[in-house]
Amino acid sequence: MLEYIVPATGLLFTLENILWINIGVFVGSVFAAIPGLSVILCVILFLPVTYTMTAIPGMMFLLGIYCAGGYGGSVSAILINTPGTPHAAATMLDGHPLSQQGRTKAALKIALYASTFGGVFSALMLLFLGPQVAKIAAQLGTPEYFMVCVFGLTIIAGVSGKSMIRGIISACLGLLIACIGSDPMTSYDRFTFGVSRLYLGLDLAVCLIGLFALVEILAKAEKRLDALHLDTRKIKDDGKITKSEYKRMIRPVLLSSLIGVMVGIIPGTGASEASWFSYSQAKNMSKHPEEFGHGSVEGIAAAESANNAVTGATLIPLLTLGIPGDGTVALMLSALMINGLNPGLSLFTTDGDIMYAIMLGLILVNIFMCIQGKFLTTLFAKVVSIPQEILTPVIVIFCFAGAYSVNNNYFDVGVALIFGALAWILRKLDMPPVPILLGLVLGKMTEPHFRRALLISNGDPAIFFSSIYCLIFLALIIVAVATIIRGKLNDQKKERAAAAAAANVHEEE
Amino acid sequence: MKKRLLSLSLATVMGLSLLAGCSSGGKESWKVTCPWAPSGVAAVVSQKAAEMSTKYSENTTLVAEAIQGDAATVNTWVADTEANDTELVFVGEGLLSITSILDPAKMQFTYEDFEYVENLYSSIFVLSADAELNVKTIADLEAYVEGTSEISVAVNGATGSEAFLAAALFGSMGAGDKVKLTPYQSAAEAAQAVAKGETSFAVSHQSQILETAQQGGVNVVCAFDEKAIEHGPFEGVEGVGEYGYPYFRNRCFVMARAGTDAEKVSALKDLYDQILADEEVVTWLQDTMLLEVDTMSKEDVEAHVENVKNIVNEYKDIVAG
């Protein structure tokens, strides 16, 4: 490892990289602070920008957005009781009450420090665990990789929202779209309809601009959003955190960072799960559980350290196996692959200096996030109330410019528009878009491994159970699917019970 | 109403600013599009040539770009460029001799759409065998082929140069019906497949099998060339040409758009020739990339394309079924 760290440090500490980290952190914080704009939307809009960059500055920029997005969501959660991102919802429970007690700056500071610790902890875990997992990945062959892909596809069950069936349908649509272009095993064309630009398949970034960004614009056009009013006088407190408060934060921050890492490694889970789970653990372990929900520093620290501790951990399966932990990191995979960096052991050996620069860069990203958060929080707070009339045209322009810039042609702009319309229809049918993204990413990996494995075995499916790694992944798939189904059934049971209780109350009235 | 006007004006101003930024700036920089993997041999060599271009020309800079997509990328390039555009593209025997026969509908261009500039390199592919088979020479290979019912070979892509080299070798040994080509998505993956025991053989660039060969997982059996390899770690590995089997080298032709002024093409050829004659580049190509500098005339290129076409026509049934 040390042989890579020295050259990696040289590659990382350049003015260009530092600049892109800071731009990424700033943009990510702003996007996450504005309710209605998400980190994934921000990454999609700026992904085409990275296509013209080399791997390190491109990844630094995206990681800056990703990590700062983890913290930025807490700003509006604390200030206006509206989480900027879904995973900041747990922060809101104590952040806003603390703000109402006249300690807004203190609440923001606690969120910032906890986020920074969680992020750095997670980056260190990536640095030490990543190469070890990659060594195992190097031993995997075609059937094992197929099982890994199937395991990745179980993510779909985790991100399919309330209805697993709808999620699976969306994923199948993603898999179908991934088939457009040359057949990986025969080189013959599929679903190209004689359109030459389709021989290459559809560019992921272009599809996602339509699926996630343009559809947001269409959705905004449908409903009138009231302007968010923020009283900036609320953030004029001294922001002091007492020694005893710092002491109380240590245990939940450490535990939540660990939880965040463990949750982040498992594909399909995400920052929201980590922050809620950590919040509840912190409450159970606290000497002052009664303060939770009323401005507890432990509550804010636990939720924020957990959701940022997910950031580095989700990169472990991505960089070693090519399995994205969530939708946002799936996009980072294309930023890496456009530079010829393919997940696996070679990323940590042949391209070790670049990879270690990226992993060390993640620590740097968190440090700059802390610095920007310390000095620019008031600015981030003000962007919360930027009117939609300004935001919407800016996003539209970014969408079209981004789609055009991928291959410098209008065909891609058309594709983005078609995907925008498709996403709007799917939204009307309550179909989640994230499974489409995962289907698109994983489809290109799953199909060739499946068909090649059968070619190697002359059609014998026993090849998928032929090694210990295949069996391990099979067991993981079964456990993951069973856990997810059980969770969904429990949710349905709770919903039915709540509906029955509501009906009883109604009858009694 | 005011808000709508604000939205509209903001979108207009930003749109106009973007269009204003689209001017070329007037510099004579030639974008060199590699239609293969950004981490592949051609893209890496192109990057090196681009770096060296500033050393040999004050007026012309080469800017390397890799857009993986093979025929699709070249189709787009041909559709989007005109004569004298400062754009270059790579094509090889894969497109000019293989795709043009197997799947001509995929190619919306012909050799006539290009103006040949220079050959960037020559690569002698090698056949490696799973070390457990103990096949180390062509004689061992012939004995193995005779005694086996299936010859599985890992290749990069279903119908690439590697697939045809394998088909031509085993086909000319009379074992075409025993060959099972297993396509992988990259040359590196194909090279590793044989070490993992997924296939018995692999055809790859020398550089892509070097590490695995040094670790002892595979034996490099033969080279797809006329004679034995003369340089590098595989020096002395027999050439299939010595035994009368068909072969071709993998080449990467730098092309300008047809109709580009002859002086411009000539200046570019001179630039590439100077770069490829640079001692540093020669050593780097030979020792690191395990490739050869092999500048060619237009006639040589046409002969190469024809030779590969003949091989494709003869062995396409083995590859494409």
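Hi everyone, let me start in chain A, where helix 11 (residues 243-265) packs against helix 12 (residues 271-285) at an angle of about 145°, their axes 9 Å apart. Those axes are lines fitted to C-alpha atoms, for helices over the stretch in contact, with angles from 0 to 180 degrees between N-to-C directions. Helices here are DSSP runs of H or I with at least four residues, strands are runs of E with at least two, and both are numbered from the N terminus.

Before going on, please keep in mind that this is a predicted model: local features need pLDDT of at least 70, side-chain atom pairs count only at pLDDT 80 or more, and totals for chains, interfaces and linings use all residues. Residues are numbered from 1 along each chain as its sequence is written, while chains are lettered from A and ligands numbered from 1 in the order in which they are written.

Back to our helix pair. Which residues of helix 11 of chain A meet helix 12 of chain A? Among them are Leu255(A), Ile259(A) and Val263(A), and the helix 12 side includes Phe277(A), Ala282(A) and Met285(A). Contact means that C-beta atoms, placed from the backbone, lie within 7 Å.

Now over to chain B, with its 11 helices and 10 strands. In chain B, 5 strands form an open, mixed sheet in the order 2-1-3-10-4, where pairing takes at least two DSSP bridges between two strands. Strand 2 (61-66) and strand 4 (114-123) of chain B are the edges, each pairing on one side only. Neighbouring strands of this sheet are turned by 25° against each other on average, direction ignored.

Let's look at strand 10 (residues 250-257) of chain B. With strand 3 (residues 87-91) of chain B, strand 10 pairs in the antiparallel sense over 4 bridges, and Phe90(B) stands opposite Val254(B). With strand 4 of chain B, the pairing is antiparallel too, over 7 bridges; here Asn119(B) faces Phe253(B).

Finally, helix 2 (residues 41-56) of chain B lies across strands 1, 2, 3, 4 and 10 of chain B, running at about 160° to strand 2. Thanks, everyone!

Conventions:
Two residues are in contact if their C-beta atoms, placed from the backbone, lie within 7 Å.
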